[in-house]
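Dear colleague,

I am passing on the structure below, together with notes on what was found in it. Please read the notes with the coordinates open beside them.

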Amino acid sequence: MKYLTFFFYAVLALSKTAIGAPNFIFILSDDLAQGDCGSYGQKLIKTPNLDRMAREGTRYEQAYSGTSVCAPSRTSLMTGLHMGHSPIRGNRQAQPNQEGQKPLPDGTFTVAKLLKSAGYSTAVTGKWGMGMFDTSGSPLNVGFDRFFGYNCQAHAHSYFPTHLYDDAKRIDLPGNDGNKSINGKGEVYAQNLIADETLKWVREHKEKPFFLFYAITLPHDIHQIDNQGIYKNQPWTDQQKNYAAMVTRLDSDVGRLLDLLVELGIDKNTLVMFAGDNGSSFSSESPVGKLFDQTMGGKLRGFKRSMYEGALRQASFAWWPGTVPAGRVTDEPWAFWDFLPTVAELSGAKIPASVKSDGLTLASFLKGGSAPKRDYFYWELHEGTPIQAARWDDWKAVRNGISKPIELYNLKTDQSEAKDIAKENPELVSKAAAIFKSARVDDPAWPLTEKNSKKVKKK
Ligand SMILES: [Ca+2]
């Protein structure tokens with residue numbers, strides 16, 4: 001009888017999910033530069049586990065984020081929408097001096113909802129930034145069963161915060177000062193706790209399909225670390241040492257998760273994707289950007305909050321032993337809004353007919369095939385004057401404000417976007433202008449005018 005009961009529940013558990021449906025983990029790092037990782041050429045900062053992902057999996061030279069700051073980039077990843085259709089197109093506090101960003105609107109469809117509908121367990125750990133718990137954008141209202149970490153981006157500026165959230169419940173960390181300067185200190189380094197809770201959740205959910213969105217805040221500003229580790233005695237500033245130690249901690253926490261998947265025997269049934277959420281927060285001339293050569297010798301132009309490749313191209317890997325080819329490096333492009341249709345295909349979960357994703361499935365590309373063909377990629381960003389970018393084939397167009405001229409670059413011959421060839425190519429500029437118009441729907445919250453300009457703090 002006992003066995004019959006077990007069998008009954010086992011069948012019930014499997015009935016909503018296809019047998020053998022893979023687990024999905026998306027690890028998102030915050031403000032990591034492509035050039036911070038060893039497999040992209042970094043010499044001073046050690047990233048052995050990300051290097052392992054590249055060696056045992058596939059490394060992407062042209063993986064594009066949703067846009068070039070946190071909240072909208074994450075929105076694109078979660079919703080399958082590019083910035084022309086995204087409900088969030090810039091970082092914005094919901095209320096001044098309160099925790100939480102402008103929330104995802106009621107009814108927003110997400111990767112978590114999709115997979116939950118197919119019987120997956122779902123969790124997000126780390127930093128959210130798409131709505132506090134009492135709003136429509138709460139992670140617990142958009143398809144996640146489990147939350148642990150920071151809800152608010154501003155709160156996440158402290159790595160020794162006075163509190164975190166366990167689901168929607170505030171947990172106090174009384175030994176921490178919550179100081180948002182490099183001098184912050186305390187008893188609990190938030191990422192250590194977040195990493196432990198993340199691994200615990202995976203361990204508890206190993207038996208049936210799960211989706212984990214692991215949004216690690218490192219190495220985002222403010223640059224605080226509990227231990228400078230192997231960089232302690234380097235002749236660098238504390239900010240440089242802390243930054244390097246944060247990238248290496250991010251790396252070792254990725255390693256802990258990969259090791260756990262192997263230990264639990266679920267590595268061959270788990271797709272792990274890794275990417276930064278936007279480019280470096282440092283210019284190439286800043287002490288951190290320069291010391292660590294984040295632009296890889298000037299290979300990529302621009303950083304966070306711009307529309308150039310250094311802001312949009314991320315360090316990115318896919319790891320799924322036996323399914324994703326080992327050691328492959330590809331420069332075929334893809335973007336965050338492809339993640340939703342990709343997991344739909346790989347899991348067999350059905351996207352409702354009313355939901356239109358801007359993305360294309362990467363299922364075959366991940367397994368060694370070619371990237372899907374598309375008409376264009378589109379980005380915009382509302383931080384001060386709204387800015388736009390588009391890419392089709394090897395052409396890249398950037399407009400740094402509605403009244404600014406459209407710049408045009410050929411990424412094949414000019415990856416660093418050094419030579420604006422708009423004047424010589426009026427027909428391509430016209431094409432870019434048409435994309436800048438047709439790729440987007442107007443949203444009163446994100447008007448494409450220069451009137452809502454405000455000064456944005458630059459590092
Ligand atoms: Ca970020």
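Which residues does Val142 touch, not counting residues up to four places away in sequence? They are Leu104, Thr110, Ala112, Lys113, Trp128, Ser136 and Gly137, where contact means heavy atoms within 4.5 Å. Val142 itself sits in the loop between strand 3 (121-127) and strand 4 (146-150); helices (H or I, at least four residues) and strands (E, at least two) are DSSP runs, numbered from the N terminus. Val142 is buried, at a relative accessible area of 1%, where buried means under 20% relative accessible area, exposed over 50% and partly exposed in between (1.4 Å probe, protein chains only).

Before the rest, a word on how to read these notes. This is a predicted model, in which local features need pLDDT of at least 70 and side-chain atom pairs count only at pLDDT 80 or more, while totals for chains, interfaces and linings use all residues. Residues are numbered from 1 along each chain as its sequence is written, and side-chain values use heavy atoms, with hydrogens and water left out.

The protein is divided into domain 1 (21-373) and domain 2 (378-438), with bounds that come from an automatic or database domain assignment. Their C-alpha centres lie 27 Å apart, and 27 residues of domain 1 are in contact with 19 residues of domain 2. The size of an interface is often given as the accessible area lost when the parts come together. Here the area buried between domain 1 and domain 2 is about 1900 Å², with 53% of it from carbon and sulfur atoms; buried area is the accessible area (1.4 Å probe) that two parts lose on being put together, summed over both. In domain 1, the residues that lose the most area to domain 2 are Arg89, Met307 and Tyr308, which together give 31% of what that side buries.

Arg89 also takes part in a salt bridge with Glu380, through their side chains (3.1 Å, N to O). Across the interface of domain 1 and domain 2 the rule finds three salt bridges, a salt bridge being a side-chain nitrogen of Lys or Arg within 4 Å of a carboxyl oxygen of Asp or Glu. On the side of domain 1 that touches domain 2, the elements that give two or more residues are strand 2 (58-64) and helix 8 (309-312).

Some backbone details also deserve a look. Most residues other than glycine have a negative phi, and most peptide bonds are trans. In the loop between strand 7 (210-216) and helix 6 (238-264) lies His220, and a cis peptide bond joins Leu218 and Pro219, with omega about 5 degrees. The peptide bond from Asp221 to Ile222 is likewise cis, with omega near 5 degrees. His220 counts as buried, at 5% relative accessibility, and, not counting residues up to four places away in sequence, its contacts include Asp30, Asp31 and His157.

Asp31 in turn has a positive phi, near 70 degrees, in a residue other than glycine; Asp31 lies in the loop between strand 1 (23-29) and helix 2 (48-56) and counts as buried at 1% relative accessibility. Glu417, also not a glycine, has a positive phi of about 50 degrees. Glu417 is found in the loop between strand 15 (407-410) and helix 11 (426-438), and is buried with a relative accessible area of 0%.

With best wishes
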